[in-house]
Amino acid sequence: MSETHETPEAHETPEAHGTPGVRGTPGVGGASEAHETPATRENQEAAQEPAATARELDAADPLAAIRDRFTLDDTVYLDGNSLGALPRTVPARIADVIAREWGELRIRSWTESGWWTAPERIGDKIAPLLGAAPGRIVVGDSTSVNLFKAVVGGVRMAGKGCTEILVDMTTFPTDGYIARSAARMTGLAVRPVEPARIADEVTERTALALVNHVDYRTGRLHDLPAITAALHSAGALAVWDLCHSAGALPVGLDAHGVDLAVGCTYKYLNGGPGSPAYLYVRESLQERFDSPLPGWNSHADPFGMETAYAPADGIVRGRVGTPDILSLLALDAALDVWDGVTIEDVRAKSLALTDFFLDRVAAYAPPGRVRPVTPQEHRRRGSQVSLECAGAGEVMAELIRRGVVGDFRRPDVLRFGFTPLYTSFADAERAARVLGEVLRELPEPVAGAGG
C-alpha cells in the first residue's frame, strides 16, 4: 500500500478521534461510574474468568517484555496496522541526529555519521524480517514511488510479446492507480484478477502480477509461495506489496523466489508517520533492473555529475534522490526493538492473539451484530481482525472514546490490528469486552440506512 494507506483518514471523521476515557468502562478512565449500567456490571462479572485467562497468557508470553520498549499508555491500541506505536529508542536518537550530527557535524555527517549509506544499511536491517539476504533491500521514497519503480522496472524485464499486467482485484486503491499509470506508459493493459485465481488467469502474455500479501480491508493472507510459483511457470514476474505483512509474519522473499517487493515501514515496523518505504529486488535480477526513476543517488559515480546515466551495481540502483535523513534514522532506531526477536515468535503470538480476540468477540457481542470477515484458518489470516458491523463508523468512534483504538473501512468494517511486540492478551480481552458493551448500548442501524 502507498504512503497514504492508513493515515488519519482511516478513522473517517474527526469525531472518531474522541478523547479516550470520556465515557469509559472501569479501568479505562473517565467517568465510568456515571456510565455504568446493570448490563455493564453483568458483562464485567462474566468477563472475570476470561480476564484471568488473559493474565495467564501474558505471564507465559515470551514476547511480553518487548512491550516495555514502546511508549504506551492505558489505551488499548489496536491500530498498529495503520501506524505503529513509538519505540522508546527513537526520541533520543533523533535528538542526537538533530543536535550533534546535523547541528555540529553538519555536512560531515554524510560520511562521518553514515548518512550516505543509510538506505542500504537500514535495508539490511529489515531484510531478516522479510527472509532476504543482505544487499537485496534499499530504503527510501514512499511506497507509491517504489511501486512505480517495481512495476515499470518489472515490465522492462519481462519477455517480448507481453501485453498485460495482472493486478490484485482487492488491492489497496493506490496500487491499482500506479499499475494503470505504468500500463499506459508501457503500452500494456491492466487486468484485475482475484488473487486466488491468478494461477488460472496468468498467460504467456502476462508481464507481471502485482499482489497484496495481506488484504488491507479483510486481513486475508494470500498464498505468496503458490502464486509466485504459478507466475514463474508462465514466465511472468511476481511483484508483492508487503505493507500489511512485514513485521507481522514470515514472508520468505528469497526462499520463494519473489522478483520484486515493496512495503511501508510505519505499520508493524513502527518507523513513524510517513517513514520511508523499501524496495526489494531479487539478486539475480538486479543487473537487469532498469529503474524508471534514475537519479544521481543511483548513479555509478554520483559525484562525477556525468550527463549520461550509468546505474550503480546492486540494490543501490533502486535509489533516486537525496534520502530523507530524519525519518530514515528514526526508522533505524525503531528497528532496534527487534533485537533478540524472531519473526516466527511474532507470528505465533499474532495467531494466538487473534484467536483469543475472535473467541472473546463471539462471547461478548450480541448475536448477529458483528460477523468476522477475516479468515478463521491460520494459513489465510494476517495480523488483523476485521468485523462486518452495521454502523461501523459510530461504533468505532464510541470505542475510541472508551479507550479502545482501532479503525474502520466504509461502509461497515471494523478493523483491529494486533502488533505482537506490544499488544497483550489483556488488551485483546478488554477490546472485545468494550466492543460488546458498545454494541449492546448503541441502537442497531435500520437496514438500508447506511453504516
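User: Hi! What does Arg108 form a salt bridge with, and how far apart are the closest N and O atoms?
Analyst: Arg108 pairs with Glu112, and their closest N and O atoms are 2.9 Å apart. A salt bridge here is a side-chain nitrogen of Lys or Arg within 4 Å of a carboxyl oxygen of Asp or Glu.

User: Before we go on, what kind of model is this?
Analyst: This is a predicted model, where local features need pLDDT of at least 70, side-chain atom pairs count only at pLDDT 80 or more, and totals for chains, interfaces and linings use all residues. Residues are numbered from 1 along each chain as its sequence is written, and side-chain values use heavy atoms, with hydrogens and water left out.

User: Thanks! Is Arg108 buried or exposed, or partly exposed?
Analyst: Arg108 counts as partly exposed because its relative accessible area is 42%. Glu112 is partly exposed too, at 49% relative accessibility. The cut-offs are under 20% relative accessible area for buried and over 50% for exposed, with partly exposed in between (1.4 Å probe, protein chains only).

User: How many salt bridges does the count come to?
Analyst: The count comes to 31 salt bridges. One of them joins Arg319 and Glu120, with the closest N and O atoms 3.0 Å apart. That pair links distant parts of the chain: Arg319 is in the loop between strand 10 and helix 11, Glu120 is in helix 6, and they are 199 residues apart.

User: Why does Arg319 count as buried?
Analyst: Arg319 counts as buried because its relative accessibility is 5%. Glu120 is also buried, at 14%.

User: Which residues do salt bridges that share partners join into one network?
Analyst: Glu164, Arg191, Arg197, Asp200 and Glu201 are joined that way.

User: New topic: how many strands form the open sheet, and in what order?
Analyst: The open sheet has 7 strands in the order 4-10-9-8-7-5-6, with mixed pairing. At its edges are strand 4 (137-139) and strand 6 (189-193), each pairing on one side only. The twist averages 20° from one strand to the next. As for terms, two strands pair if DSSP finds at least two bridges between them. Helices (H or I, at least four residues) and strands (E, at least two) are DSSP runs, numbered from the N terminus.

User: Why is strand 7 largely enclosed?
Analyst: 7 of the 7 residues of strand 7 are buried, so the rest of the structure largely encloses it. Strand 7 runs parallel to strand 5, joined by 4 bridges, and parallel to strand 8, joined by 5 bridges.

User: And what stands opposite Leu208?
Analyst: Ile165 stands opposite Leu208 of strand 7. In strand 8, the bridge partner of Leu208 is Leu237.

User: Which strands does helix 8 touch?
Analyst: Helix 8 (residues 173-186) packs on the sheet and touches strand 5 (164-168), strand 6, strand 7 (206-212) and strand 8. Contact means heavy atoms within 4.5 Å. The direction of helix 8 makes about 150° with that of strand 6. Axes are lines fitted to C-alpha atoms, for helices over the stretch in contact, and angles run from 0 to 180 degrees between N-to-C directions.

User: What about helix 6, where does it lie?
Analyst: Helix 6 (residues 118-130) lies across strand 4 and strand 10 (278-281), at about 125° to strand 4.
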